[in-house]
Amino acid sequence: MQQEHKLARTLSGRHINMIALGGTIGTGLFLGAGDSIQKAGPAIVLVYIITGLFVFAMMRALGELLLSDHDQTTFIGFIKSYLGPRAGFVMGWTYWIGWIIIAMAELTAIGKYMQFWLPTTPAWLWELIFLGLLYTMNIIAVKAFGETEFWFALIKIVAIIAMIVIGIVMVVFHVRTSAGVTQLSTLWSHGLIANHGHNLLAAFQMAFFAFLGVEFVGIAASETQNPIQTIPRSINAIIMRILIFYVGALLAIMLIQPWTNYSANQSPFVQVFSKIGIPAAAGIINFVILTAAASSLNSALFTTGRMIFSLSPKTSRFSKLNKHYIPMNGITLSAGLVATAIVLNYIFPKDAFSLVTSTASATFIVIYIALMVTHVKYRQSKNYQQSDKHFKMPFAPYLNYLTILFMLMIFGILLFSSATMITTLLAISWFIVLAVISVVKYKKV
């Protein structure tokens, strides 16, 4: 008997809240904040606020789309409905391969993080163990995935809250460190903008990538028990999370010691804990970053499996669900491709792998732009006129256009920056190839 062609809806509001929260906190904050601070100085706080507001606008557009049709399994389905099958094909497979490559990078990172404690153990062994465990979690039950992601996110939250609390206590009691007395003036004592603002635009690019993956709540949305309540609550909370976890953590870091003291090549969290006399700082942060990488890998398996389910023809084996109403075949294929990272790490040098990863990141900008255009088309459609108009995005379509312009600015920074020009050109090449394939595939459409 053919199983019902619908995904399970067993994720609770607690799971979705943590999934949405985990999507806004990644290794970009824990590892990349040092580089961001060096490029922008205290102005990095304003950069994150501005970027966060546009990311929030994108999420509001996504939220309205999700609640307009509960049968859509991914937001790519909306792109296909309102921008056409070719656009859906290009964006769908781009989103899938993007998450596959990111997962491969995270799997590689997991092996290296584990060698911090056990340097004699081969990295590939830990990569196999983590991939096997997370794959099993994803095919057993959606709720198992939700629980795993809940605890991964909780570890990241505790680390950031600890950083903020330590900063507040040190400022209140004027604690003295090797960098001097901790006080509010530490924030601006060495200037508010680094290098007279010459690298400020580059900081926008890094801040944007720190939020990469926040749209993941859109994939999980199709499997919530009560989307009408959980999705608006989770998305609306994103703005507060940005202020608390990103802005709060950055302010705490720059209050404990001058921003000029931070190195771009080391996690500022490690540097801060070391300065305040916690010798186990490196181990603590390594554990937090390990969970962040595992969280990203976990989300990638969840997402890519559902992308294949959504993109495959109804007669394909990848459009079938197992007895738990999970797209097991799609998850298995994705996990198999991710596992090739173990082999690739022996063949290609580290720089080549990082090159491919940043190429995938550049493609996400185009996907986000397509999402905003899709929302504009939805607002112009009969579906919107006949809908219950749940969770309307404010200031549409003008906010859509502003968000698109902002993302085009980020893409332009990538294209004209020497460090990312090649990866951006590779991303453009990827879109050209997929566009040609889509023309052949849908030539009669």
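Modeller: Let us start with F395, which counts as exposed because its relative accessibility is 67%; buried means under 20% relative accessible area, exposed over 50%, and partly exposed in between, with a 1.4 Å probe and protein chains only. This is a predicted model, in which local features need pLDDT of at least 70 and side-chain atom pairs count only at pLDDT 80 or more, while totals for chains, interfaces and linings use all residues. Residues are numbered from 1 along each chain as its sequence is written, and side-chain values use heavy atoms, with hydrogens and water left out.

Biologist: Where is F395 found?

Modeller: F395 belongs to the loop between α16 (382-386) and α17. Helices are DSSP runs of H or I with at least four residues, numbered from the N terminus.

Biologist: How does one describe two packed helices?

Modeller: Two packed helices are described by the angle between their axes and the distance between the axes. Here, α9 (residues 200-210) and α17 (residues 398-416) pack at about 110°, with axes 9 Å apart. Axes are lines fitted to C-alpha atoms, for helices over the stretch in contact, and angles run from 0 to 180 degrees between N-to-C directions. The two helices α9 and α17 are therefore roughly perpendicular, a term for angles of 65 to 115 degrees.

Biologist: Which residues of α9 meet α17?

Modeller: L201, A202, F204, Q205, F208 and F209 in α9 meet F406, M407, M409, I410, I413 and L414 in α17. Contact means heavy atoms within 4.5 Å. Of the residues in this contact, eleven are nonpolar, one is polar and none is charged; Ala, Val, Leu, Ile, Met, Phe, Trp, Tyr, Cys and Pro count as nonpolar, Asp, Glu, Lys and Arg as charged, and the others, Gly among them, as polar.

Biologist: Is Q205 buried or exposed?

Modeller: Q205 counts as buried, because its relative accessibility is 11%. Not counting residues up to four places away in sequence, Q205 touches I410, I413, L414 and T420.

Biologist: What does S438 contact?

Modeller: S438, in helix α18 (residues 421-441), is in contact with R86, F89 and V90, leaving aside neighbours within four places in sequence. With 3% relative accessibility, S438 counts as buried.

Biologist: How many residues of α13 are buried?

Modeller: In α13, 26 of the 31 residues are buried, so this helix is largely enclosed by the rest of the structure.

Methods
Parallel < 35°, antiparallel > 145°, perpendicular 65-115°, else oblique.
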